[in-house]
Amino acid sequence: CNGLRFETIASSLDECRKARDRWLRSLSVSFTGHRHLSEHTDFLVLKLKNEIIRAYRTGKRFFKTGGAVGFDTLAAEVVLQLREHLPELALMVIVPFEGQDIYFSPASKVRYRRILDQADEVVVLSATYFQHCYLRRNAYMVNHASRLIAYYDGVGTGGTSFTVRLAESKQIPEVISFNETNGARHPIKDDGHLSLIHISEPTRL
């Protein structure tokens, strides 16, 4: 969707597709995060820009968001801003079911529709809602990326927690977690396992 081409030679079409999928995954970053953001959105935007640019410089090109309100929306809008300056940057929106914005507020619907209109690709996983459609979307995000950028408070049992834990279980090489409670830590040595970064937001005086 951004002009990149993949070429390979294999013994079967199935092997070619598997090789293509591995290539796409190696170039992909997924976002996950809470629907309710803190008041420090300027800080989040700055950190997001830094992490996206850092990922881009290491070869990442496809950035995937689930299209939910909150962090998903903010991440998508930051990718679209940076795309003006990073020509191969591509935004992909992974929609759990058609019409997921049915209960969004009017303002959130406008932002969601604008993101869909400007995205390089929109993947709709189901035509209708079903019980575990959000978990299926979150699993897709993990299974189709080699890096996860999360806005996560480190606790809870919701979709963000599920996604981060799933990424850890699959040993995604790097999970970037923006956190309002923990202090900043440098990433551990990347030996093919998880590198987790906690970044605290500024405290208001």
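Leaving aside its neighbours within four places in sequence, with which residues is L91 in contact? In this predicted model, where local features need pLDDT of at least 70, side-chain atom pairs count only at pLDDT 80 or more, and totals for chains, interfaces and linings use all residues, L91 contacts F63, T65, A76, V79, L80, I115, A119, D120 and E121, contact meaning heavy atoms within 4.5 Å. Residues are numbered from 1 along each chain as its sequence is written, and side-chain values use heavy atoms, with hydrogens and water left out.

L91 is also one of the residues that touch the most other members of the largest nonpolar core, which has 29 residues; such a core is a set of buried Ala, Val, Leu, Ile, Met, Phe, Trp, Tyr and Cys residues joined through side-chain atoms within 4.5 Å, where buried means under 20% relative accessible area with a 1.4 Å probe, protein chains only. Helix α3 gives the most to this core, with eight residues. Apart from it lies another core of 10 residues, including A139, V164, A167 and I172.

Helices here are DSSP runs of H or I with at least four residues, numbered from the N terminus. The two that pack against each other meet through these residues:

| Helix | Residues | Contact residues |
|---|---|---|
| α2 | residues 41-57 | L44, V45, L48, K49, I52 and I53 |
| α3 | residues 71-83 | F71, L74, A75, V78, V79, Q81 and L82 |

Helices α2 and α3 pack at an angle of about 55°, with their axes 10 Å apart, the axes being lines fitted to C-alpha atoms over the stretch in contact and the angles running from 0 to 180 degrees between N-to-C directions.

How values were computed
Helix = DSSP H or I, 4+ residues; strand = E, 2+ residues; numbered from the N terminus. Buried < 20%, exposed > 50% of the residue type's maximum accessible area, 1.4 Å probe, protein only.
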